[in-house]
Structures are given as structure tokens and as C-alpha cells.
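Me: Please take a close look at the pockets in this model. Which residues line them, and what sits alongside in the helix packing?

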Amino acid sequence: MTAKSTALLLVCSLLFAPTLSLAAPREPAVDRRKLAAEVRAEFLHAWRGYEQYAWGHDDLRPLTKTYHDWYAHTFYMTPVDALDTMLLMGLRDEAEKTKTFIINNLSFDQDIYVQNFEITIRHLGGLLSIYQLTGDRRFLALAEDLGTRLLPVFDSPTGIPYRFVNLKTGKVRDPETNPAEAGTLLIEFGTLSKLTHKPIFYDKAKRALVEVYKRRSALGLVGSTINVETGAWTDKDSHISGGIDSYYEYLLKCWLLFDDEDCKRMWLESRAAVNKYLADERGPELWYGHADMLTGQRTATSYGALDAFFPAVLALSGDIDRAKRLQASSFKMWTIYGIEPEQLNYRTMQIEYPGYPLRPEIVESTYYLYHFTGDPQYLRMGETLFNSFVKYCRTDTAYAALRNVQTKEQADGMQSFLFAETFKYYYLLFAPPKTLNFKQVIFNTEAHPIKRTW
Ligand code: DMJ
């Protein structure tokens, strides 16, 4: 062997040997087609339970096999929330039956106080999405009727909406609200404005968002509760969890959906404050905790199932690095007990609230991260989430929330967001990308896709 060929051999062994010996064992590929079919079948299983025991009511009580209505009269919350998911899944017969039922029965002409935030994200968002998917203008008419009946909520001294409004009389109540309830309205009201050419819906909901933002602290943070008549904060705890969460989501999404430069500015400033004061670097891990909105001092190291929406928002805003790191923390929270608790103390790893009400947020973030990175680890993550979700929450007739993720004891609840969000995000994660063109839609916070047609 010549000196030249010996050197070549040495170079080759240095180049290839370590590669071969250190190469990670290949993870088995995820069978997306099989998983998408399973998600669809499980959606149908839960839907059949609703049909059999709660048809015509807001939602199913899966353990007692009876029903639950939010108010004195049903607004068919589960059918309205579920219909666009059926359309995306190609469940034609179920979608047709549900569509006809809603058109023949849903009426907002009721002497009832409703919670503006919940009916906006579920009904207004759902009806607008159904209209865009089907082209059936009767759904737009229903949406406009609802939007018009909700408008009195904005008639407060600050423009920040009251929490409840009577759909017949227009009377309002409950002046103490929070950033999420006040600021999670513009996707729906704004879309209604664009589709009906009536600016009032956009203007009222936008003002509500801006008025909350205007009351941020010098650090750029918002608190947990605010009085709509005085504009004063009544709880100054700041976080990204329930009560604030989707306020941030809508700042970003309304910039993207409406090209709204004010929303862009408000989002970018808010994101900087949230990342400065709420993000919590714990060694290699990234969490988001609570802090006092005035001082920035850490008030709690709590993170939960609702916070798990934030990787999706970070990813949508282009911050993939933080999105990936926070998603890893959410997944850690999920795997401790095989399914996530409502709230965890990430310093002690102790559970603070043990329930699991079938929430979608971690699945939503998995879907976004897979979309933006194409990394198969998110398909595997989704498969793990889905398998434990089925294992612990499936009942003989539908799906049930968990009272306690440690004991896996089930609870008698199956909220409509199971159909609108949880099943939809699982399905979209595994189904062919052509099922829904991600780039053409913005999901409202209840996962109703809105397409920009203006
Ligand atoms: C849904 O109604 C919405 O996603 C809302 O923004 C937060 N809570 C539930 C789902 O967990």
C-alpha cells in the first residue's frame, strides 16, 4: 500500500466510521394515513354518543348519558362547533344533517343573558367558518343576527365589553372582565364586518382590544382582571394562561388576517414584554410563569394545559426556536402522568390542578410546529398524545374529561371544543396537507378556520 492510499484510507475511516457508529437508531415512521382514519373514527364515536343522548342540546354528559345546556334555552353549541370539522373530515351525511338542523332550529331571539366571549368564539366563529366552507348565505345571516345582538356589550364607558348581554333586550351585566374575554373578538367581529360590509363590527371589537392594550403597565404587561366601567385593573397578576391567553393570540392573528398595522405594533411590543418578564429559563428548559404586571416580579411558577397554546403563536410569529423549546416543556408536562394536568408547578413539578377537560392546545401547537418545521418528531409527539387521549378519555359511548390525571378518574363532561378543536387539530396533523391550506386561513381561538376573502 502506498503512502497516498494509506492516507486516503485513514481519511475515509475518519469520515465514515464515526457517522456509522454514532448514527441515531431510526425512529419508526408514523403511519399518517392510519392515524388520520383513527382520528376520524374516534370523532364519529364521540359524535354518535352526542347524537344518541344529547341531540338538540349544548353538550353531552358522557358518564350519566344525559345532556347539559349552558342557559335556559339551548344554542346547539356542539353541532355549531362540530360542523366545520365534519366538513374537513369529509363526513358528508353527518354534515348535511347537522347543517339542516342548525338552519331549521337555531334562533338567537331569546330573552337570555349569554357570555359574549364564549358565544363569539364558538357560535360567531363557527357560523362564519361554515359559511365560508359551504357558501350557504343562511349561515352568514345567522352570524349577522348574532353579531348585531351582541353589539350592546361594547357600550361601556371605556369601550371594553361587559361579559354578559341579553340577546333580546340588549341589557348588559358583569363589568369585571379579563383581557381574553375583552380581546378575543376581533377575528370574528372583523370577519363579519368584511363579509357584510358593515364597519361597526370591526370598529367596536378593535377598540376593545386597543383599550385593554392602552392600559398595559410601564413594563408592557396586562393584568388578570379589569373593570370595564372604570378601566382599573382589579387583579395585577400577569401570565399567558386562561383569562389572558387569546388576547395575545388575537393581536398577532388580527395583524395577519386584516393586515392591521396597529395590531402588528401591539403584538410586537407585547411579545417583547412577555418574553422579558414571563419567560422563565430553567436550565435548558423554557417555561412561561406569572409576574406582577407593575414590578415584573415572579408571582408563580405555574404553567398548564391552556398555556400550551403559546408555542403555536410563537411559531406563527416566526420564533421557531422558542416555540420548539416551549413545546418540549408542554410535552414533558403531558408525559409525567401520561396526560397533562390543568396546571403544573414547573419548579416543583407538582400538580396544582389535576383535571383534564379534553383540551386541544398542546395538539394545536404540535400541528403548527409540524407545519413550520416538517420535523417528524412532531408527528410522533402527536401519535403519543392521541394514544393516551384515547386510552384514558374514551368511554363506551363517547369521550369524557378527566377529574384527575393521576388516578385517571373520568368526569361527566364533554365540552364542544372537543369537536371544534381537539379532534380537528389531531386530524389536520395527520391528514394530507391539501385537507386545508394552512397558508390561506387564520384559525380563531376555537379552531374555526377563517379565510381572507377581502
Ligand atoms: C376553547 O374554548 C378556546 O380555545 C379558548 O381560547 C380556551 N379554552 C378552550 C379550549 O381549551
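Reply: Start with the lining of the second largest pocket: by class, 10 nonpolar, 2 polar and 3 charged residues. Nonpolar means Ala, Val, Leu, Ile, Met, Phe, Trp, Tyr, Cys or Pro; charged means Asp, Glu, Lys or Arg; the others, Gly among them, are polar. The model is predicted: local features need pLDDT of at least 70 and side-chain atom pairs 80 or more, while totals for chains, interfaces and linings use all residues. Numbering runs from 1 along each chain as its sequence is written, and side-chain values use heavy atoms, without hydrogens or water.

That lining has 15 residues. Phe438, Lys439, Gln440, Val441 and Ile442 lie nearest the pocket centre. A pocket is an open set of points on a 1 Å grid over the protein atoms alone, where a 1.4 Å probe fits, with protein on both sides within 12 Å along at least five of seven lines; lining residues have an atom within 4 Å of a point. The volume is about 230 Å³, taken as the space filled by probe spheres set on the points, which are joined across faces, edges and corners. α10, α14 and β19 (441-443) each supply at least two lining residues. Helices (H or I, at least four residues) and strands (E, at least two) are DSSP runs numbered from the N terminus.

Now the largest pocket. Its volume is about 460 Å³. Of 23 lining residues, Phe117, Glu118, Asp245, Leu306 and Arg359 are the closest to its centre. By class, the lining holds 7 nonpolar, 6 polar and 10 charged residues. α5 (116-134) gives the largest share, 4 residues.

Last, the packing. Helices α13 (320-337) and α15 (377-393) pack at about 25°, axes 12 Å apart. Axes are lines fitted to C-alpha atoms over the stretch in contact; angles run from 0 to 180 degrees between N-to-C directions. The pair is therefore roughly parallel, a term for angles under 35 degrees. Lys324, Gln327, Phe331 and Trp334 of α13 make the contact with α15 residues including Tyr378, Met381 and Phe389. Contact means heavy atoms within 4.5 Å. The contact residues divide into 6 nonpolar, 3 polar and 1 charged.

Technical notes:
Angles under 35 degrees count as roughly parallel, over 145 as roughly antiparallel, 65 to 115 as roughly perpendicular and the rest as oblique.
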